[in-house]
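Hi,

Here is the structure I said I would pass on to you.

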Amino acid sequence: MDCPWNELSLAFSRTSMFPFFDIAHYLVSVMALKHQPGAAAMAWKNPLSSWFTAMLHCFGGGILSCVLLGEPPLRFLANSTNILLASSIWYIVFFCPRDLVSQGYSFLPVQLLAVGMKEVTRTWKIVGGVTHANSYYKNGWIVMIAIGWARGAGGSIITNFEHLVKGCWKPEADEWLKMSYPAKVTLLGSVIFTFQQTNHLAISRHNLMFLYTMFLVATKITMMLTETAVMPFAFFEDTLSWMLFGWQQLFSSCEKRSETNSSLSGTGSSTSKPAADASDKVHKKHTKKTKFT
């Protein structure tokens with residue numbers, strides 16, 4: 001008989017994301033879109049453009065993974081149920097009378113519940129992306145990491161294209177130049193699940209899914225409660241960055257110091273030499289005068 005922990009993690013890994021977890025994902029994504037400057041006015045002025053942007057936020061990961069694998073990028077439109085569900089969320093968020101949906105979402109417990117459920121869907125997307133890439137490229141771990149990362153955090157990356165089309169793209173806000181917390185934690189999860197898929201990590205998939213999801217939910221809720229933007233693994237990033245690249249800067253600084261010291265010593269010797277020559281000339285003149293006298 002299996003232990004309770006194994007039964008719990010196995011039942012958790014078999015949980016269906018439709019409809020409640022998908023609703024939470026669409027709600028958080030559309031609310032993030034609405035909080036952007038000018039998004040509400042754009043929805044009233046051009047509803048079709050606002051709807052298309054919302055679909056990019058909701059299904060951006062699937063679109064990007066399809067592009068990377070050479071599949072039709074509009075394949076997400078085939079799931080009409082999810083499209084109708086996401087479109088309904090977009091409509092009630094932007095056009096609900098008295099803005100009741102936004103007011104209800106402003107309560108912190110509602111936000112914590114929705115964000116926690118959205119992080120659960122992130123795990124399922126990463127696992128689905130890694131498994132899907134493995135069906136194309138057997139044990140191609142680089143491809144599996146890329147597709148898992150794209151499926152889990154592609155929404156924040158592909159929206160750069162949407163900003164470029166709208167003319168409000170800012171290079172300093174590009175996801176590739178300054179990775180956000182979701183992009184970093186999704187990349188970490190994609191690497192972990194790829195190692196598990198290629199049998200380099202001795203742990204069952206359902207146990208890993210449960211542990212990784214609990215880590216996502218706990219860190220995200222903690223960041224929201226403490227209202228901090230500090231990454232939970234920023235210390236490890238700084239340490240790893242110093243170990244890989246910091247020692248080169250250390251050697252370069254030592255070389256610069258040695259060059260500075262040598263230049264200073266050379267300058268001192270060059271200034272002392274003319275002074276010595278001048279003193280010799282004065283001494284010779286003095287000896288000549290004494291001889292003549």
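**The annotated stretches**

The UniProt annotation "transmembrane region", which comes from an unreviewed entry, covers residues 51-70, 76-96 and 210-235. Keep in mind that what you have open is a predicted model.

So what does the chain do in those stretches?

**A helix with a kink**

Now find helix α4, which runs over residues 47-68. How far does α4 reach from its first C-alpha to its last? For its 22 residues the answer is 29 Å, close to the 32 Å expected at 1.5 Å a residue. Follow α4 along and you'll come to a kink of about 75 degrees, centred on F59. Just after α4 sits G70, with a positive phi of about 75 degrees.

**Two helix pairs**

Next, turn the model until you can see helix α2 (residues 20-34) against helix α5 (residues 80-95). Their axes are 9 Å apart and they pack at an angle of about 45 degrees, so α2 and α5 are oblique to each other. The crossing of α2 past α5 is right-handed.

The other pair is helix α7 (residues 108-136) with helix α10 (residues 205-226). Here the packing angle is about 145 degrees, and the axes are 9 Å apart. What kinds of residue make up the contact of α7 with α10? There are 14 nonpolar, five polar and four charged ones. As for handedness, α7 passes α10 in a right-handed crossing.

Which peptide bond is cis? Look at the one from F18 to P19, where omega is near 0 degrees. You'll find P19 in the loop between α1 (4-13) and α2.

Then there is R98, in the loop between α5 and α6 (100-105). Its phi is near 60 degrees, which is a positive value in a residue other than glycine.

That's what I have so far. Happy to go through any of it with you on screen.

Cheers

Technical notes. Residues are numbered from 1 along each chain as its sequence is written. This is a predicted model: local features need pLDDT of at least 70, side-chain atom pairs count only at pLDDT 80 or more; totals for chains, interfaces and linings use all residues. Side-chain values use heavy atoms; hydrogens and water are left out. Axes are lines fitted to C-alpha atoms, for helices over the stretch in contact, and angles run from 0 to 180 degrees between N-to-C directions. Helices (H or I, at least four residues) and strands (E, at least two) are DSSP runs, numbered from the N terminus. A crossing is left-handed if the near helix is turned anticlockwise from the far one by less than a right angle, and right-handed if clockwise. Ala, Val, Leu, Ile, Met, Phe, Trp, Tyr, Cys and Pro count as nonpolar, Asp, Glu, Lys and Arg as charged, and the others, Gly among them, as polar. The expected span of a helix is 1.5 Å times one less than its number of residues. The bend at a residue is the angle between axes fitted to the seven residues ending there and the seven starting there. UniProt positions are given in the numbering used here, feature names are shortened, and annotations may be inferred rather than shown by experiment. Angles under 35 degrees count as roughly parallel, over 145 as roughly antiparallel, 65 to 115 as roughly perpendicular and the rest as oblique.
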